[in-house]
Each structure stands twice: as C-alpha cells, then as structure tokens.
Amino acid sequence: MFTSGDHVYMTRALQLAEQGLYSTMPNPRVGCVIVKDGKTIGEGAHLKAGEPHAEVFALRQAGQQASGATAYVTLEPCSHIGRTPPCAEALVKAGVSKVIAAMQDPNPLVAGNGLAYLQANQIEVASGLMQLQAQALNPGFISRMTRQTPYVRCKIASSLDGKTALNNHQSQWITSEHARLDVQKWRAQSCAILTGIGTVMSDDPSMTVRELNIGRQPLRVIVDSHLRISPQAKILQGGNTLIAFAQDSENKSTALLANGAALICIPNADHKVCLKSLLSHLAHMQINEVLVEGGEGLNGALLSLNLIDELLLYYAPKLMGSQAKGLFDMPALTEMRQAIALDVLELRQIGGDIRLRAKPKYA
C-alpha cells in the first residue's frame, strides 16, 4: 500500500515532530512534510500550544506549489476549531491532492472526522503508515484521550541488586552524573513530576528541570496523605506545586496555600491519597505524561494498582545489600505466578550505568 518513498517522507515528518518533544503539551507532537513531483516543498512541526500546527507551517513554506501535492502528517489533521483553525480545512484550501497520516487522532473531537472531511472534499487519504512510531511520540496524549488518565512513567535509580537507598534513607548518589543528566531529558518531556512525602522529607529535592532550557517547568505533584510537608521545603519554592492529601489534622493547609502551593483533598477508604483519583484529576488538568520519582512506598502503591505504564530503571554497578531499601514496597507474594512480568522495550548503557525501559504486563 505504501511505497519506500512514502516511508522516507513519513520518517522525516516524525523527525520534525520530535522538535516539540519538550514544548507542545497539552497538545500532541506533530510533524508534516509536503511533497510534489518527488521533491519536498514544505516542512513544519507543531512546537507550542496556541501556535500554528505542523500542517500550517508546511503549507506556508510550500506556498502555491501545494496545489496537487501530497502531505505526510504524523497525526490526522484536526477538523475542529480550537485555539487555531482546523488543519483539514487549510489543506483543502491549499489544494493538496493526497494526505497520508501515520495515525488517526484519538481526540474524540477529531477521531476520523479530519480524514472524512478531506475525503468529502475530493482529497485522497490514507493512514497507518509508521503508526507505531507515531504512537510512541505521543503516549501521554493518547492515554489522556482514550483512558482519561496520563501516561505514567516510573523512574527508579538503584544498585545492581535492586536497592534504592540505604537503610538510613541515604540515596545520593547511586547512579552516575551521566544517568542523572539523562533523567533531565525525561523530566523535560513530562507535564508533571510525581513524588511522595517520604522522598521530600529524606532528600528535600527541588524536582525541577535543569541543564535544559525548555522555557517551562513541569508541575510538581506531592502525595502527602497527612500533610507532613514543611512549608519551607525546596519543592514548594517558585510555586507550580500541587499537594494531594487525605487529612489535615495539624491545620497546615492555610500556611501551604499562603506559600503558593495548590492542594487537593482526595482520600481513599484507608485515609490515604486515592492515587487513581489523583491521576484522573491530573488528566482533567490536561497533563499528558507523568514522571514518578518516588521511593519504594509510592512505587509499590502505584504498581499494586496497575497504574504504572512504563518503568525507567537505572542500574548502577554497585551492591548495597539486603538491608537497603528496595524498588517496590508491596505485599509478599506466595506464588511465582503472582509476579508481574515485564515487556522490555529498551536496554542501553548510560555512562557506567544501565538503563532499562520496560512495560509491566498486568494480569
């Protein structure tokens, strides 16, 4: 159905889409290439919400040559009016003769309507070219549109024997500077960073993007069931912090609000933060991707509830012994069939450490 040339142009469109890796949220990352007579006449990428979409940039570059051309786009052109006019309409006005989309838009406001609009206006359409690669660019947007929850990526740094901190809670630093710099890239492409009160009290982290100038900072979200956080904690500096809690027995909420933090009370039956409700709330805030940087307690709670979509594990060539803290605090298993299997996505060396990306295969 698709030619080798089609694959070449869509590959370029995917490369363009990656330019918005750190900046398009809550919108998806999209690239577009316009081709006529075997020659690229226009390219574009969506870089920021509220700014023109990839198709518009590519059409501007192509100009009048766009008439009769083929547009390769990594996501179905939008057909609804949002912050910007519909891209499907712009393609029709430009007179393109064919549109090839890598995947349909999971947004219910589009969901095939963009391609249908093009067809209704005598434009040949096709979709599915390099769909898996296109989906991999936008796991958070797809998750939010189809499941009403963000894509949750859990980052853990540990020793080779699976320990994340000493028994006295010391954990800085297990992995190398190379690994820590790599983590900054994952922070930068996330809409929110989620951590627990244990990590905040032990490490007093800032949880900000450093080394990369992306023009924004992810929302910092703290799971703190009983509001034990200090109003002077570094993670509260500069605002842009949300604290999820279940009880405020010490009446700390007023001081925390005065310090610029936002609060949400979402208790579960055990008087702890309801993690499912928290993720639903984040999706309502248009959060696409969440990077979890917590301890074994939060990691274990999320995994037990099947809420982790991807594990980002950094293993340092060190051994810390059986008394050190583990990766996940979970109830003891009694049978091997209860173990959570993993689908390994990638294994590579980062400096002297090993980075493993995997998806849990929940029963």
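Are Y9 and Y72 buried or exposed? Y9 is buried, and Y72 is buried too, where buried means under 20% relative accessible area, exposed means over 50%, and partly exposed lies in between (1.4 Å probe, protein chains only). The model is a predicted one, in which local features need pLDDT of at least 70 and side-chain atom pairs count only at pLDDT 80 or more, while totals for chains, interfaces and linings use all residues. Residues are numbered from 1 along each chain as its sequence is written, and side-chain values use heavy atoms, with hydrogens and water left out.

A pair of aromatic rings is described by the distance of the centres and the angle of the planes. Rings of Phe, Tyr and Trp (its six-membered ring) pair if their centres lie within 6.5 Å, and planes under 30 degrees apart count as stacked, over 60 as edge-to-face and the rest as tilted. By this rule there is one aromatic pair. Its members are Y9 and Y72, which are tilted, with 5.3 Å from centre to centre and 40° between the planes. The pair links distant parts of the chain, since Y9 is in helix α1 and Y72 is in strand β3 (residues 70-73), 63 residues apart. Helices (H or I, at least four residues) and strands (E, at least two) are DSSP runs, numbered from the N terminus.

Helix α1 (residues 4-17) also holds R12. This residue is partly exposed because its relative accessible area is 31%. Leaving aside neighbours within four places in sequence, R12 is in contact (heavy atoms within 4.5 Å) with V33 and E43.

Next come the spaces in the structure. On a 1 Å grid over the protein atoms alone, a cavity is a set of points where a 1.4 Å probe fits but cannot get out, and a pocket is an open set with protein on both sides within 12 Å along at least five of seven lines; lining residues have an atom within 4 Å of a point. The second largest pocket has a volume of about 620 Å³. Of its 25 lining residues, A136, R153, W186, Q189 and R357 are the closest to its centre. Helix α5 gives the most to this lining, with four residues.

Helix α6 is mostly covered, with seven of its nine residues buried. Among these buried residues are P139, F141 and M145. What covers them includes α5, β6, α10 (275-284) and β11 (289-292). After α6 comes Q148, whose phi is positive, near 55°.

Finally, L347 is found in strand β13. This residue is exposed because its relative accessible area is 60%. Leaving aside neighbours within four places in sequence, L347 is in contact with I354, R355 and L356. L347 and A358 are 11 residues apart in sequence and 8.8 Å apart in space, C-alpha to C-alpha.

Terms used: Grid points are joined across faces, edges and corners, and a volume is the space filled by probe spheres set on the points.
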